[in-house]
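Reader: I would like to learn how to read strands, sheets and helix contacts in a model. Please take one feature at a time.

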Amino acid sequence: MEKLGGLFNPSSPEMEAMADLTYYIIAISIGILAIIVVAVTYIIIRYRKSSNDSSEPYQNFGDTRLEIVWTVIPIAIVAVLFQLTCSTMKAVDPPIGDHEPDIVVIGHQWWWEFYYPKSGVLTANELHMPVDKKLLLRIESIDVIHDFWVPELGRKIDAIPGHTNHIWIGAGEPGIFLGACAEFCGTQHANMRIRVIAETEEEFNEWQQQQLVVPRTPRSGIAGKGAELFRTKACMNCHTIAGTPAAARIGPNLTHLNKRQTIGAGVLTNSPENLTKWLVNPQKYKQGALMPNMKLTDSEVNAIVAYLEALK
Amino acid sequence: MSSKIPLVPENITPLPALKENEGMLSWVSSVDHKQIGIMYLISTLVFFLIGGLEALVIRMQLAKPEFDFISPEVYNQMFTMHGTTMIFFVVMPFLIGLGVYLVPLMIGARDMAFPRLNALSFWLVVFGGILLYYSFLTQSGPSEVGWFAYSPLSEKPFSLNKGPTYWALGLLATGISSVASGLNNIVTILTMRTKGMTMRRLPLFVWMILVTSFLLIFVIPIIASAFAMMLLDRLLEATFFTPAHGGSAILWQHFFWGFGHPEVYILVLPAFGIISEVIPVFSRKPIYGYEFVAGSTVAIGLLSLGVWAHHMFAVGLGNVANLYFSLASMLIAIPTGIKVLNWVATMWGGKIWFATPMLFATAFIIEFVIGGLTGVAIASVPIDWVTTDTYFIVAHFHYVLFGGSLFAIFAGVYYWFPKFTGRMMSETLGKWHFWLTIVGFNMTFFIQHFLGVMGMPRRTYTYHDFPYWGSMNLLSTIGAFVLAISVIIFAWNIRRSLKHGEKAPDNPWNAWTLEWYTTSPPAVHNFDLVPPVRGRRPLWDLAHPDQPDEPNAKVVV
């Protein structure tokens, strides 16, 4: 049997606490439902009118003692639920105090920008983090309301323009955890995916070092032509490539695009072939995305792909 | 019931309504509550079919992963229009329309307190619906921002199309209608009850309409002002909800849910009323704990005004606010639970006749309890953080609004159809409708609980082929088509029974409230004579003079 995701595979202490609470409350709910179902089934069998009986049953108007009993019992159940809610929240969502955020998450229509203020790394859609470490995320939005959600790692939190939120997040095991925007944010809400890559401290540091490298801009050959096209074909109006005049943050930072696993916030796996397809017409794979069809010729597309692949 | 106990003559001053033999004009110009009620029901049936078609388009697109049935824009338009239609143009006007038809009859009155206002309320719903659907004819089609229209997505910089403007205008029109019918109901119920019909003897359906009407006049102005601000933002460059210009994105959510959560009870309290009428009649017993059923309705109404931010646990309002709204929301389970247990206790010891209305009422109890229990679960903040904006929530509120409100509406249609039309609905088709609804409904929505907690977000036009997602969604889609068949049978049953249904007697179910005392369908003036009301069940008292509900009650003449 393939592994079920989300609540069935909690991969952080926070998510484990929330999953436990969910199971507990669902179990109580199933118990209550069972009582009602059994009672109704018994009634259907026992109190069905027989066709030849036209007499009226005993007219019972109610019983105040019974009403009090079935008012007090739910009050007790609610008290238990509320107590469990409080204790789980305390465990999952401790105060942030004067902690500085480890990662700033910025929602855009329809991709995620991740900024690591302590190292200066700026990347998109793939969030690297060291395993077994509790990180503080600051959640912001540049345009409309989004929601940061990685089901196996923890809670949802809205990304709201003009309002900053914080959450704690950590992964209890290394691996790739998939998430997505959970607040409807427009045409391509469905393709605003998150890929969390939890890795060992060493791997994470290595990734961070690599991300900080300013790549050499190719001057010649097909990649050199691509670099020139990137400047002249309006790519740089929206994207950043470190070490070049391209410094806009309207679209994702492309400096180390060739190290990412997907493109288009999870629409396609990242390969030169898919990148080519994407550049020919991004609207075909992500209809409504803010990157227009740039109407590039095949040779221009190949040159830009060669340039982006050459950035090391 | 034709016994000659002192009868109370009723004021029969003629109103300018119901001209015989004038065809459509007698309907269009009518201020008669029964004609208006029937026009409400017919227009909601039309909107129900439209909203259902939109649901089928949604489920088709989700039938398999990465499916290309419709574009993302069209998908977003479909779920926006489905939600808006079903809430504002189906369930809400159906329940209001049912109230408009039944309340005067149940309290022994000639008409609503303000018959012309009543007609205005109805025509404003039609006008609002036309405004909303007119947006299909605009260049970029209807609104794509969801029935909740969160700002700033619904603001002009992010939604340049005209859709959200028509959406807000249409709903503003129905908002005026709702406030007007709320006031009309309140005045009617408080001032026009026949002699002897004290508040403690009011049929429970009327009680629920009364509480609903107070909710309408309290909360519709909240959303109406939000619509006005949204329209100012969109048309006159105001910036109430635009953070980039000093507005607030969260403010809209407070307005929206300040209305939106009580709205849930506006959609479900009259449904509770229907169930509280149907279950006693078919169990042949009075409602168990009348005071507790009526009182718990008032408690639900009051609590519902103070729980709106449980829709906003992911917004980041802080844990003090979250905990307050969590506890307040959980408290609603208590009066709701009291109701469910009283319905079960009413059936207990009865002699139950499982005609179609009772089948739907019995199923209502189970389906609604499932929706209610998941509702308590998601009132717990951490569970909400897991489930909000996922298919778990879609499943939850369909169990409340379909398994709850719509099941009660079906029960109500089968129960009162003979009174409205003078003909019985087909029991055979009714049973087909019932069983296909049970299968289709649970097949469509139960599985969505699992999809939600496995991580499938709502309002997404496509999804990756994660383990089991494809097959679970396909099952849900098949269920939706089973439901579609059941709805076709229901519509066919109505059409067929109107023409060929068995003639209905005045009181086919041997029921006890006043509407069953008059002819089926009732005459223009409702009652020739209103029987004396000496208890909660006037027709029981008439039929059992030796065993009245309130043996010591005095007859008020």
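Reader: Which residues cover the two faces of E4(A), and are they buried or exposed?

Author: This is a predicted model. On one side of E4(A) are Glu126(A), His128(A) and Pro130(A), on the other Leu127(A) and Met129(A), and all of these are buried. A residue counts as buried if 20 or more other C-beta atoms lie within 10 Å of its own.

Reader: How do strands pair in general, and what is the case for E4(A) and strand E10 of chain A?

Author: Strands of a sheet pair through backbone hydrogen bonds, either parallel or antiparallel. E4(A) and strand E10 (residues 193-199) of chain A run parallel and are joined by five bridges.

Reader: In what order do the strands of the open sheet with E4 and E10 of chain A stand?

Author: The order is E4-E10-E9-E6-E7 in chain A, five strands with mixed pairing. The edges are E4 and strand E7 (157-159) of chain A; each has a single partner strand, so one side of each lacks a neighbour in the sheet. Neighbouring strands here are turned by 25° against each other on average, direction ignored.

Reader: In which sense do strand E6 of chain A and E7(A) pair, parallel or antiparallel?

Author: Strand E6 (residues 146-149) of chain A pairs with E7(A) in the antiparallel sense, over three bridges. Within this pair, Asp158(A) in E7(A) is the residue opposite Asp147(A).

Reader: What is the strand order in the open sheet that holds E1 and E5 of chain A?

Author: That sheet of chain A reads E3-E2-E1-E5-E8, with five strands and mixed pairing. Strand E3 (121-124) and strand E8 (165-169) of chain A are its edge strands, each pairing on one side only. On average, neighbouring strands of this sheet are turned by 25° against each other, direction ignored.

Reader: How many bridges join strand E1 of chain A to strand E5 of chain A?

Author: Five bridges link strand E1 (residues 103-108) and strand E5 (residues 135-141) of chain A, in the parallel sense. Val104(A) has Arg138(A) in E5(A) as its bridge partner.

Reader: Which domains is chain A divided into?

Author: There are three entries to read: domain 1 (6-46 + 63-92), domain 2 (103-212) and domain 3 (221-310). The C-alpha centres of domain 1 and domain 3 of chain A lie 51 Å apart.

Reader: Now chain B. At what angle do the axes of helix H2 and helix H3 of chain B cross?

Author: Helix H2 (residues 33-61) and helix H3 (residues 72-106) of chain B cross at roughly 160°, with axes that come within 8 Å. That angle makes H2(B) roughly antiparallel to H3(B), since angles over 145 degrees count as such. The crossing of H2(B) past H3(B) is left-handed. Their contact comprises 24 nonpolar, nine polar and two charged residues.

Reader: How do helix H14 and helix H15 of chain B cross?

Author: The axes of helix H14 (residues 427-453) and helix H15 (residues 469-500) of chain B come within 8 Å and cross at roughly 155°. H14(B) and H15(B) are therefore roughly antiparallel. H14(B) passes H15(B) in a left-handed crossing. The residues of this contact are 20 nonpolar, 10 polar and no charged.

Terms used:
Residues are numbered from 1 along each chain as its sequence is written. Chains are lettered from A and ligands numbered from 1 in the order in which they are written. This is a predicted model: local features need pLDDT of at least 70, side-chain atom pairs count only at pLDDT 80 or more; totals for chains, interfaces and linings use all residues. Axes are lines fitted to C-alpha atoms, for helices over the stretch in contact, and angles run from 0 to 180 degrees between N-to-C directions. Helices (H or I, at least four residues) and strands (E, at least two) are DSSP runs, numbered from the N terminus. Angles under 35 degrees count as roughly parallel, over 145 as roughly antiparallel, 65 to 115 as roughly perpendicular and the rest as oblique. A crossing is left-handed if the near helix is turned anticlockwise from the far one by less than a right angle, and right-handed if clockwise. Ala, Val, Leu, Ile, Met, Phe, Trp, Tyr, Cys and Pro count as nonpolar, Asp, Glu, Lys and Arg as charged, and the others, Gly among them, as polar. Domain bounds come from an automatic or database domain assignment. Two strands pair if DSSP finds at least two bridges between them. A residue is buried if 20 or more other C-beta atoms lie within 10 Å of its own, exposed if 12 or fewer, and partly exposed in between; C-beta atoms are placed from the backbone.
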